[in-house]
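Open the model in your viewer and keep the selection tool at hand.

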Amino acid sequence: MFKKMISLIAITLMLWQFGSVVYAEQKVEIKENGEVSFEYLTVLGEKKSLDMTGAIIIKDGRPMVPMFALERYYHSDSAFELLTTQEGNVVSVLDLRNEIRYQMKVGSKKVNVLGSDEVKLREETLSTEVSVHLEGDNVYIPIDIFQLLGYEAALVGEKKLKINFAQKANGSNGTNATGSAANSSPTLYPVKIGRQYGFMDQVGKVVIKPQFEEAGEFAEGFAAVKVKGNWGYADLTGKIVITPEYHSASRFSEGYAIVSKEDRDGIKFGYINSKGKQVGSIMYEFALAYKENFAPVVTGTHFAFLNRDGRIQIYKFHDDAGSFSEGLARVKLNGKYGYIDKKGEAVIPYQYTKATDFAGGLAAVSIDNKWGYIDKEENQIIKVQYEDATPFSEGLAAVQTGGKYGYIDSTGKTVISPNFEYAGAFKAGYAPVKVLGKWGFIDPKGTVVVSPKYEYAYEVSGTLFHVKDAGKTLYLDQKGNPVKPLNDNGKEINLVSVAGKVIEVNGTILDLDVPPVLVEGSTLVPLRSILESLGLHLEWNSETKTIKATKDGTNMVLQVDNPVATVNGKSVTLAVSPKIINGATLVPIRFISESVGAQVDYESYQPTEVNNTALLNGLNPSFAAKLRVYGEASDTLLRAHEGNSGNLEAATAVWEQAADNLVLIKDALLKDMHRNFDAITNAAPNEADSYLQQAMLIEELGLLYEDKNLASEAEMLAVEAGKIDQKALLFYRLFIADLSEDAKEKSKRYAEIAAVNPYIVLNHVQKNGNYYDAGEAFSRSESLQDYAIFALKKAASSGDEGTRNQAKKLLKDKYKVQL
């Protein structure tokens, strides 16, 4: 690390003995009694300056900063720490906050930018040929290096070098003490393709392939991503650079991100830096982002402010607090809001019922449920008159009058009339607004640029509009059109996942009336379900048994039992002719992929049935018959309990008789089952279904006989099945969950399996009808929202009345879906 390589060099502080001397050959001019001035911000946000005198050098017309001046700056109270080192003809300037080293060599205009452990991040080039200069034992550094860091540095007059670390050269304020020039606007955007997230650029080209369970937007070069249930961070190449180990993870702000971990006391929050190192402790009940070098946190029941070292700097028993903005933070004490400075002193008394952060020199405050605006001297600039008010952004603030929101400027003049149900802050020239329950965007003139038709609108993200529609996040271009993910050839990516009787097309889940089938070595899938979900219009000619499908320049014609199809006027030969099976037309997966550019993923899922298998057929016929009777009696009793059919009393009597018949033959039955299973597995040792069938039957008999040894045997058989095919073990886990009478335990098991493979759960419930259990389990994960809505809608239209009502309530409460 940097501390290991830092070796401070003793350097003569002044060159008093020299007069003004010019070396014509080297074009080096030494200025006696020069001055170096640093302006900077302290960790408390105070603006200070550090001035020193000594000889300075002008080389080839370019000012050079003496290294001794930087060494004295290092010992100041600046929040932006720089340290200089020298090894022979190599000089380094170290940004200690970011652990970045800018390495220069005498005679070279190249600057190597190194990260921790000497990892080269990039190479920069100085703007002129002027490089590091050695004057005797003294080192001088080109002024260009500070411009590379993003700060203003210039020669003022003939002998004064002025370096401004308090404000970035591009005009932004100096709140980022790290000196990082990282752009806070995302350059890539998270996009969900199938069940995974990747990242696309502003035109839709997928730059980072889908590989994450969830993903956030980029900020300061990092994006929070979820892998195997935990959050970490990826860089702009998609590489995981901070290990996924957190319960949650925020965007980076001023070089730090909020992360959380769960322990026996609940979820606790803290911070990490861009290297993934923990800053302070992960111990707080709540945390806000770092702003102006401070972060508000809740410790116990009160707010405190951490400094950049993760230590508590301000603790005044505040009940609420916001981030520092323009040097002040709003805080609440004894039921009233006021403002404190970075020393923790109240500079605006606690007197307001509500308050917002300062922006543009003004803050919105509320007295007696009416809002107005004050400045930092507590002067009322815009009188208290509004029903609600928000901070200024880009010169405008949203305010509410007469139940509607509009916008005012900093003088209080109404700029955009109050016509909106709600209005957000302007960013990059646009603001989200709500009209008739839907969201869109306006420009500073109040002109609608994105029609209000979306479920929600976030702030502008980079160059795109960020919205939510039907539960899905979308990005819109400047014309309001959705930006769709594109492959390297510029074609839209369509991902179709077929799993048993479930199909997912670009994140939309549908039922298949007919499951896929294997014909002559090719997997055939239902054509209509897939093509219509991709937006193609289909026409069926019953006389010729021909299907025409069209969409945006794509035209195809297929005929049942004809291996030759026509796609955009060209003949295409299918591996297997289209077939009609159970009323549905099926075609090879490969044809769909090649004809409409859809990536089709297929995996077979077949929920296991205990009856009518070789497992029963190989038993003593009398035993097999008794098992079938018991199974049928169990199903009848279950339906009677649910009130769907049959007389409960009669069904119970039949079941009891069937159970008694099995109890009487327990030992003989189990012996015959073991014999038959050995024969089956000896003939086909790698059939997972055989192990799964035996496990399920043994488990049911274990419950009937109240024999724990049989339950253990069933578990071992299921594990063996899982070694051959993981899906088999997952189906067994669902089977066990269904046998549980504990609703919470069942839901927990379903959720665990859904996190591994949601298709397993959907195919399982298609057999047993437990759609509510599946929906409730899916609802526990934000990434499975589509599955939850699908299953809950199914549950709301089937099953008993209690289950239907539960499903409708969960849909309404969690997903705002009204049935």
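Select residues 726-739, helix α12, and residues 743-756, helix α13. In this predicted model, the two helices pack at an angle of about 160°, and their axes lie 8 Å apart. Angles over 145 degrees count as roughly antiparallel. α12 and α13 are therefore roughly antiparallel to each other. Their crossing is left-handed.

Now show side chains at the contact. On α12, pick Gln 726, Leu 730, Arg 733, Leu 734, Ile 736, Ala 737 and Asp 738. On α13, pick Lys 746, Arg 749, Tyr 750, Ile 753 and Val 756. Colour them by class: seven are nonpolar, one is polar and four are charged.

Next, go to the sheet. Four strands form an open sheet, in the order β50-β49-β48-β60, with mixed pairing. Which strands stand at the edges? Select 508-511 for β50 and 598-603 for β60. Each has a single partner strand, so one side of each is left without a neighbour in the sheet.

Zoom in on β48, residues 494-499, and β49, residues 502-505. These two strands pair in the antiparallel sense over four bridges.

Last stop: select residues 758-768, helix α14. This helix lies across β48, β49 and β50. Against β49, α14 runs at about 140°.

Note on methods
Residues are numbered from 1 along each chain as its sequence is written. This is a predicted model: local features need pLDDT of at least 70, side-chain atom pairs count only at pLDDT 80 or more; totals for chains, interfaces and linings use all residues. Side-chain values use heavy atoms; hydrogens and water are left out. Two strands pair if DSSP finds at least two bridges between them. Contact means heavy atoms within 4.5 Å. Axes are lines fitted to C-alpha atoms, for helices over the stretch in contact, and angles run from 0 to 180 degrees between N-to-C directions. Angles under 35 degrees count as roughly parallel, over 145 as roughly antiparallel, 65 to 115 as roughly perpendicular and the rest as oblique. A crossing is left-handed if the near helix is turned anticlockwise from the far one by less than a right angle, and right-handed if clockwise. Ala, Val, Leu, Ile, Met, Phe, Trp, Tyr, Cys and Pro count as nonpolar, Asp, Glu, Lys and Arg as charged, and the others, Gly among them, as polar.
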